[in-house]
Amino acid sequence: MTVVVAGVGNVLRRDDGFGVEVARRLVERGGLPAGVEVLDVGIRGVHLVYRLLDGCAGLLLVDVVHRDGPPGTLYRLEHTLAEADPQARPEGIALDGHDMSPDRVLGLLRDLAAATGVADPVGRVLVLGCEPADLADGIGLSPPVAAAVDPALAVVDDLLALLVPEGAAR
């Protein structure tokens with residue numbers, strides 16, 4: 001089965017474009033193991049949910065994450081659908097494409113999977129987050145977040161080693 005790497009974020013909100021930039025650079029760089037699908041999701045979290053309902057062995061979400069560290073700090077997190085945001089229930093909120101954090105994406109996935117009878121749509125879920133410096137309107141990453149993109153590519157490789165079955169070809 002496929003492992004999905006999803007770059008999430010809004011490129012019109014400065015550092016929120018971090019996940020999208022990492023996805024773009026991964027595709028540009030190439031050399032990923034067989035079976036890895038890289039998606040530039042942007043603000044289309046609902047589209048990602050529908051893609052994930054088709055199933056995947058693993059998911060790596062790349063996005064900005066507030067953890068009160070210095071801007072540009074990278075975080076490796078693990079998530080489960082059970083931990084997902086209960087406020088993401090389709091009947092409980094109006095879906096806003098500009099507010100589909102990874103937690104909300106996973107909460108919506110959990111609920112839609114249950115509603116449609118899809119058991120375990122994703123295997124292991126990892127998140128690579130970056131502490132933002134600037135989420136104001138504008139284009140382009142702040143200097144500390146831009147400097148975190150190359151190190152993030154190396155972290156993606158490390159995290160994919162946890163998600164992709166051993167012996168997968170590059």
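A charge sits over a ring if NZ of Lys or CZ of Arg is within 6 Å of the ring centre and within 35 degrees of the ring normal. Here, the charged end of Arg 67 sits over the ring of Tyr 75, 5.9 Å from its centre. This is a predicted model, in which local features need pLDDT of at least 70, side-chain atom pairs count only at pLDDT 80 or more, and totals for chains, interfaces and linings use all residues. Residues are numbered from 1 along each chain as its sequence is written, and side-chain values use heavy atoms, with hydrogens and water left out.

**Helix 2**
- Helices are DSSP runs of H or I with at least four residues, strands are E runs of at least two, and both are numbered from the N terminus.
- After helix 2 comes Gly 55, with a positive phi near 100°.

**Ala 133**
- Ala 133 belongs to the loop between strand 5 and helix 4 (143-147).
- Its relative accessible area is 47%, so Ala 133 is partly exposed.
- Leaving aside residues up to four places away in sequence, Ala 133 touches Asp 15, Pro 71, Ser 142, Pro 144 and Val 145 (contact means heavy atoms within 4.5 Å).
- Between the C-alpha atoms of Ala 133 and Pro 143, 10 residues apart along the chain, the separation is 8.7 Å.

Conventions. Buried means under 20% relative accessible area, exposed over 50%, partly exposed in between (1.4 Å probe, protein chains only).
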